[in-house]
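Take a look at this protein model. The report below walks through its sheet, its cores and its aromatic pairs.

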Amino acid sequence: AYQYLVQERKIHPQVVQDALLGALPSGGYDVARAFAAWLQWLTEQRDAPRGRGRPPTQGGQKDFATRLQDGMARRDKLADLIAGKAGWLVFFYTDAKHQIVSLKFRQPYSKHFITYKPFASVMGLFGHGMFHPSPSPESQALQRGMIVTEGEINVLQLQSLCLRYHTSLQRDPGYLYACAMGGVQGADVRM
């Protein structure tokens with residue numbers, strides 16, 4: 001995955017390091033372990049003895065039982081999606097608060113994609129967290145609007161170009177206010 005990004009797609013190694021991306025490990029990824037603490041907490045909340053009085057309208061055992069079933073379904077769906085996909089790239093899509101809301105997987109050297117959206121209506125954006133505002137006057141104009149690209153590789157190449165330009169001028173490297181929307185079909189227009 002790293003060779004594909006750096007050699008084939010000419011992404012700067014520093015951009016690869018700074019971007020919110022990864023690769024599925026060759027030994028497999030233990031999805032159950034990643035979900036275990038959260039599912040355990042939901043189980044404890046569901047099974048906790050209820051106090052006296054009226055049951056709460058929200059957050060009661062019934063809500064926790066539903067959330068537990070939903071969590072187990074999400075865990076199983078993710079495990080099924082990534083089975084046999086060692087070496088695939090993982091792009092982490094985030095919301096306005098930079099919380100991960102979806103994952104997009106890509107097989108290197110191909111155009112095979114799989115998207116995992118645990119929250120059906122939210123895709124998020126990729127790469128908008130790399131930008132840091134700059135106080136320099138020449139950077140102010142570039143900070144007024146976000147550059148939106150279609151694919152993850154596009155925004156990584158754009159940031160690589162920016163990094164190489166700043167390095168050639170011997171300036172502190174900075175990234176553009178840019179993001180990828182992950183394709184026209186699944187674009188999160190609201191975000």
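## The sheet

Strand β3 (residues 100-106) and strand β4 run antiparallel, and four bridges join them. Across this pairing, L103 stands opposite Y116 in β4. The model is a predicted one.

These two strands belong to an open sheet of four strands, ordered β1-β2-β3-β4, with antiparallel pairing. The edges are β1 (21-23) and β4 (113-116). Each edge strand has a single partner, so one of its sides has no neighbour in the sheet. On average, neighbouring strands are turned by 25 degrees against each other, direction ignored. In general, strands of a sheet pair through backbone hydrogen bonds.

Helix α6 lies across β1, β2, β3 and β4. Its direction is about 85 degrees to β2.

## The cores

In soluble globular proteins, nonpolar side chains tend to be buried together. Here the largest nonpolar core has 22 residues. L5, V15, L21, F91, F126 and L156 have the most contacts inside it. At least two core residues come from each of α1 (2-8), α2 (13-18), β2 (89-94), α6 (152-168) and β6 (178-180). The most come from α6, which gives five.

Leaving aside neighbours within four places in sequence, L21 is in contact with L5, V16, V90, F91, F92, F126 and L156. A second, separate core has 16 residues, including L24, W88, V90 and L103.

## Aromatic pairs

The model has five aromatic pairs. One of them is W41 with F64, an edge-to-face pair. Their centres are 5.5 Å apart, with 80 degrees between the planes. W41 lies in helix α3 (residues 31-47) and F64 in helix α4 (residues 61-82), so the pair ties together parts 23 residues apart in sequence. W41 is partly exposed, at 38% relative accessibility. F64 is buried, at 9%.

F91 and F126 form another pair, with ring centres 5.2 Å apart. Their planes stand at 80 degrees, so this pair is edge-to-face. F91 is in strand β2, while F126 is in the loop between β4 and α5 (137-140), 35 residues apart. F91 is buried, at 1% relative accessibility. F126 is buried too, with a relative accessible area of 1%. Together with Y93, F91 and F126 form one aromatic cluster.

## Cysteines

How many disulfides does the structure hold? The count is zero. A disulfide is a covalent bond between the sulfur atoms of two cysteines. C162 is buried, with a relative accessible area of 10%. C179 is also buried, at 0% relative accessibility.

Methods
Residues numbered from 1 in each chain as written. Predicted model: local features only at pLDDT ≥ 70, side-chain atom pairs only at ≥ 80, totals over all residues. Heavy atoms only, no water. Core = buried A, V, L, I, M, F, W, Y, C linked by side-chain atoms within 4.5 Å. Buried < 20%, exposed > 50% of the residue type's maximum accessible area, 1.4 Å probe, protein only. Contact = heavy atoms within 4.5 Å. Disulfide = S-S within 2.5 Å. Pairing = 2+ DSSP bridges. Axes fitted to C-alpha atoms, helices over the stretch in contact; angles between N-to-C directions. Phe/Tyr/Trp six-rings, centres within 6.5 Å; stacked < 30°, edge-to-face > 60°.
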